[in-house]
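Please go through them with the coordinates open.

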Amino acid sequence: MEQTIRTLCEIYGPSGREERVMAAIEEMIKPFVDELRYDVMGSLFAKVGSGGKKVMFAAHADEIGLVVSYIDDKGFARVAPVGGINPINLYARRVEFANGTIGVVGVEQRDVAAGKVGWANVFVDVGVTSKEETEKLINVGDFACFKQDSFVQGDFIVAKALDDRIACAAQVEALKKLNKKVKNETYFVFTVQEEVGVRGAKTSSWSVEPDFGFAVDITGWGDTPLCNPANMKLGGGACIKAMDQGLVVAPKIKKLMIDTCEANKIPYQIEVLRGGATDAAAMQYAKAGVPCGVISIATRYVHQPSEMSHLGDFASAVKLIEKLANADYSKL
Ligand SMILES: [Zn+2]
C-alpha cells in the first residue's frame, strides 16, 4: 500500500495540471471499477456497485505549486502561488516544471537574515544567464511544484503532496478491497483544483448528484513540540471531522462514521480543523444539499516539501472508506 502513496506523491501535478496523476490512478484502478469517465474540468470518476444510496467519495489529485509570472532580462523567473504556499517554504528548494526543467528557488541571504522572505524576494533560477535562454526552458504561465523524493521510515511516510495524494491512494486501495462488490451506488472521484478553491468538487458533485458525500483529505496535527493545541495525532487513527472552515458535519453523519469505526474496530479520533477546508465544502451545496462528512489523515508540515503521515492512519482510513461504501444509509 505504501508504494501506491509514494508513486502518486512523486508525480508532477499542481492545480489545473493533474493529467499525469489521473493517468496513473486510472491505470491502478481500471480492473476494479464498473465505469470510468472524466468531466470537462478533468476530474476522474470511478463508479462501482448499484442499489442502495448514491454515495460519493472525493480526494483531490492536485497539489500546491507555483506559476511563472514574469521573466527578467537576466533570465530569473518571478512566480505567483498556486494554492496556499508560503514563500518561506520555498527557500533553497528545487521545483519542477511539466517539461522536466528543474529550478532552484533563490532568496538573498540578506533577506533571509532580515526575515523578509515574501513573494517579492523569491525567484526561480533555472541555471541561465539571459531571458532568451530561460524562455527555451520555461515561459510565463508555466506551472511548477516541489521536486522531492519520498521515503518510509518505520510507520511514517514522508513525501511532497501527501496532501492529497495519500487520500487518492486510500481511494485506490479501497477500490481494490471492494473489488466491485458494493451495496451502494458508489462514486470515487479524484478531483481537480481543490487547492485553488475546491473547484473540481463543485462540478463533480453536481455531476454525480450524490445522496451522501465524503471528502477524503489530510488534516492538521497536534503532536509536535511547539504546535498549536489540536486533537489530531499521527498514529491516532483515521480522523472523523466535526468541523472546519468550510463544513459543519451533521450529527447523523458523524455518528454513522463513529459507529462504523466502533463496529469494525477501526482506530479513530475526532478532528476540528481551525484553518482550511476540503472538497466537502463544495459537495454539500450540490443539488438541494448533500449531507457530507470527511475522513482525514493527520499530517505534519502540510503544504511543505516534506509532509509526514502515519501508515497506520492510512490503513484505518482505507478501512473506513470501504465500510462507509457498504453502510446502510436507509435510516439516515
Ligand atoms: Zn488537501
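Which residue in β2 is the bridge partner of Arg37?

1. The bridge partner of Arg37 in β2 is Phe45. Strand β1 (residues 35–38) and strand β2 (residues 44–48) run antiparallel and are joined by four bridges, where strands count as paired if DSSP finds at least two bridges between them. The two strands form a hairpin with five residues between them, and Gly42 in the turn has a positive phi of about 110°. Helices (H or I, at least four residues) and strands (E, at least two) are DSSP runs, numbered from the N terminus.

2. On the basis of the work: this is a predicted model, in which local features need pLDDT of at least 70 and side-chain atom pairs count only at pLDDT 80 or more, while totals for chains, interfaces and linings use all residues. Residues are numbered from 1 along each chain as its sequence is written, and side-chain values use heavy atoms, with hydrogens and water left out.

3. The zinc ion is coordinated by His60 (NE2), Asp163 (OD) and Asp217 (OD) at 2.0 to 2.4 Å; donors are N, O and S atoms within 2.8 Å of the metal (3.2 Å for Na, K and Ca), and as water is not among the atoms, the site may look incomplete. The spacing of the donor residues in sequence is H-x102-D-x53-D. Because His60 lies in strand β3 (residues 54–60) and Asp217 in strand β13 (residues 212–219), the pair ties together parts that are 157 residues apart in sequence.

4. His60 is buried, with a relative accessible area of 0%, and Asp217 also counts as buried, at 4%; buried means under 20% relative accessible area, exposed over 50%, and partly exposed in between (1.4 Å probe, protein chains only).
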